[in-house]
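Here is a short report on one protein model. Look at the sequence and the structure first, then read on.

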Amino acid sequence: MANPGGGAVGNGTLHNCKSPGHGVLDGHCPKNGIVRTAQQNGKPHMHADMEDFFEEAPLHVMVFTYMGYGIGTLFGYLRDFLRNWGIEKCNAAVEREEQKDFVPLYQDFENFYTRNLYMRIRDNWNRPVCSAPGPHFDMMERVSDDYNWTFRFTGRVIKDVINMGSYNFLGLVSKYNDSMRTVKEVLERYGTGVASTRHEMGTLDKHKELEDLVAKFLNVEAAMVFGMGFATNSMNIPILVGKGCLILSDELNHTSVVLGARLSGATIRPFKHNNMQNLEKLLREAIIQGQPRTHRAWKKILILVEGIYSMEGSIVKLPQIVALKKKYKAYLYVDEAHSIGSVGATGRGVSEFYGVDPGDIDVLMGTFTKSFGAAGGYIAGKKDLVDYIRVHSHSAAYATSMSPTVAEQIIRAIKFIMGLDGTTQGVQRVQQLTKNTIYFRQRLREMGFIIYGNDYSPVVPVLLYMPGKVAAFARHMLEKKIAVVVVGFPATPLAEARARFCISASHTREMLDTVLEATDEIGDLLQVKYSRHRTSPRPELYEEPSFELND
C-alpha cells in the first residue's frame, strides 16, 4: 500500500509488486500451500443478512430536544452575564489580567458548551471504579458542593453494581484466578515494562509469539502489535497514504481513524454511514475526475470503515464494500476494535461473521482492549504490508513497546478463544455473548425503546434525545445499582443523545432481567419509550435457563 521507494501509481495499482496478485495489498494469499476460503476451521459462518435498525424519533421529540438545548443556551448566556459582573462566582479557566494583550489561551465561546451545559450533568461521567470491571464492580461514591465543578469522596463504596458499560465482551476481565498464572509467571520473569521501542531494545520473544498467534487467529500471513489501540490507527494510517492519495471514510468512524486520516495529508471524503450507493458514487467520481485541478489519477484510494461502530451498534456491510473495492481497485482498511472476539461463530470478527475471505481485506486492524481484556492493538494482513509497517510505523519507532505481562494476557485470551487451552469455553462464551445480545435487544425493542444497530452487535444504544433525560436516566440507574454509559454531543449528533449498554458473556440471565426491569421502569418514569414500532411481548422466548460461566 505504501512504498518506501516512492513514486506515483494509478488507482489500485501497487508499488513494488513481485508479480500480479503478490503485492502488499491485493490478490489471494496462499499460506502453507493452501489458499484460504471464506470458511474457517471447517465451521459454517453465522451469515448475517439482517439490516441495521435506525428508527427515526417522532417529530415532537426532536422539537422538545432542540427546545431543551435552546433554553439551556439562554440560561448559559444569563449565567455568563452574571459571572462577568461578579454576581456569580466563575469557576472556569480565564485569562490572567497581565496577559490580556496576548493571544488568548482560552476561547470563551468555544468553552460555552462545556461551561454551561456539560457541567450541569458532569456527575454522570468519570465515575471512579475500585474493583475489577467484571459483571459486577464497586464504585466510589462522590458528591459535589459546587454544581459539579469539583467533587469530593464521601468514603462510601457502592458495592456490587451491575456493570453495563465496560467493553468486557467475553468476560475475560476479572479478578486474579488460577487461569492467570502464566501472566503472573511472565510478570516475575520480565517485569512490568520494556522501557524501549520496538526499533531499539523493546522487541521481546513474547511480542513475536503474540504476533504469530494473532496471524494464525485471523488466518492472515503476518501481524504486528502495538502498545496502544488509539495509536494503532492514528500513527499507522499516515504511513499507508499521503499527499496525492484519497481516503473515503465512513462518516461515523472513530476519532482515532479520523485523526490518522488527517495526519496523513491525504484528501478525505466522508461517505454516508454504511451507504453503499454513496460510497460507489464517490469511488466512481474519484476514478473519473482524478485529483482536483490536475485531474491526475489518485496514487491510492483507501476505504476506511469499522467492524462495529461504537456509538451506533451497527455492523459494517463488508461483502458489499469488498465488492466495491474490487470493482474500483481500491484498498480496504477495517478497524475491528469492537468486532474482533465479539462477532463471528468463533469470534474472528466481521470477516467470519459474513463469510468473507480475510485476504480480501487489505488492512485488518483491531485492539486488545475489549474482548481480550488487555491493552494495545494490531495491524494484520500480507507479509509485505506488515514488514513495511515494522520499518516505517511511528508507533514502532517512538512509542514504548507493549508490556510483556499485557502480551501474555492477550496470548492467554486468544488461546482460550481458539480452544488451544484444551477446552471449548472460549467458543461457548462467544455463543453466550450472541445469545445475551439478541435477548437484550429484543426485550428493549418490545418495551418500546428506540435502539440503534444490528441485532448481533453487543453495543446497544438506547436513544434518549433530551439532555435533561440523559442525566436523569444515568442517575436513576445508579440508584438501582446499575452502571450505564450515557453519551451526548459532541460524541453524537446534537439531537441524538443516548445511553449505551455493553453486553458481556459473563452477564447472567438474572442480571440482564434486573437491568431490563429497571430500564423499563425508568423508561416509563422519564417517558423515553419513543418507538412507534412496538411488538407484542412473548414471554415464552425468555424461559431459557440461566447460563453461568465457569472460570
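Strand 5 (residues 222-226) is largely enclosed by the rest of the structure, because five of its five residues are buried. Buried means under 20% relative accessible area, exposed means over 50%, and partly exposed lies in between (1.4 Å probe, protein chains only). Both faces of strand 5 are covered. Ala222, Met224 and Phe226 are buried on one side, and Ala223 and Val225 are buried on the other.

Strand 5 has a partner. Five bridges join strand 5 to strand 11 (residues 377-381), and the two run antiparallel. Met224 stands opposite Ile379 in strand 11. Two strands count as paired if DSSP finds at least two bridges between them. Strands of a sheet pair through backbone hydrogen bonds, either parallel or antiparallel.

**The model as a whole**

This is a predicted model, in which local features need pLDDT of at least 70, side-chain atom pairs count only at pLDDT 80 or more, and totals for chains, interfaces and linings use all residues. Residues are numbered from 1 along each chain as its sequence is written, and side-chain values use heavy atoms, with hydrogens and water left out.

The secondary structure of the protein comes to 16 helices and 15 strands. Helices (H or I, at least four residues) and strands (E, at least two) are DSSP runs, numbered from the N terminus. The protein has 551 residues, and buried residues make up 52% of them. Now take the contacts in the protein with a separation of 6 or more: residues 24 or more positions apart account for 72% of these. Contact means heavy atoms within 4.5 Å.

In what order do the three strands of the open sheet lie? The order is 3-4-13, and the pairing is mixed. Strand 3 (136-143) and strand 13 (482-483) are the edge strands, and each pairs on one side only. Strand 4 (residues 152-163) and strand 13 pair in the parallel sense over two bridges. Asn163 stands opposite Ala483 in strand 13.

**Two helix pairs**

The table sets out two packed pairs. Axes are lines fitted to C-alpha atoms, for helices over the stretch in contact, and angles run from 0 to 180 degrees between N-to-C directions.

| Helix pair | Angle | Axes apart |
|---|---|---|
| Helix 4 (residues 205-218) and helix 13 (residues 404-418) | about 30° | 10 Å |
| Helix 14 (residues 425-447) and helix 16 (residues 509-526) | about 20° | 11 Å |

Start with helix 4 and helix 13, which pack at an angle of about 30°. That makes helix 4 roughly parallel to helix 13. Angles under 35 degrees count as roughly parallel, over 145 as roughly antiparallel, 65 to 115 as roughly perpendicular and the rest as oblique. The crossing of helix 4 and helix 13 is left-handed. A crossing is left-handed if the near helix is turned anticlockwise from the far one by less than a right angle, and right-handed if clockwise. Helix 4 brings residues including Leu210, Leu213 and Phe217 to the contact, while helix 13 brings residues including Ile410, Ile411 and Ile414. The residues of this contact of helix 4 with helix 13 divide into 10 nonpolar, one polar and five charged. Ala, Val, Leu, Ile, Met, Phe, Trp, Tyr, Cys and Pro count as nonpolar, Asp, Glu, Lys and Arg as charged, and the others, Gly among them, as polar.

Next come helix 14 and helix 16. They are roughly parallel to each other. The crossing of helix 14 and helix 16 is right-handed. Among the residues that make the contact are Tyr439, Phe440 and Leu444 of helix 14 and Leu512, Val515 and Leu516 of helix 16. The contact of helix 14 with helix 16 divides into seven nonpolar, two polar and four charged residues.

**Details in the loops**

Is Thr197 buried or exposed? Thr197 counts as buried, because its relative accessibility is 8%. Thr197 lies in the loop between helix 3 (181-190) and helix 4. Leaving aside residues up to four places away in sequence, the residues that Thr197 touches include Gly202, Thr203 and Tyr398.

Asn126 lies in the loop between helix 2 (112-116) and strand 3. Phi of Asn126 is near 60°, a positive value in a residue other than glycine. At 60% relative accessibility, Asn126 counts as exposed.

A cis peptide bond joins Phe489 and Pro490, with omega about 10°. Pro490 is found in the loop between strand 14 (485-487) and strand 15 (497-502).
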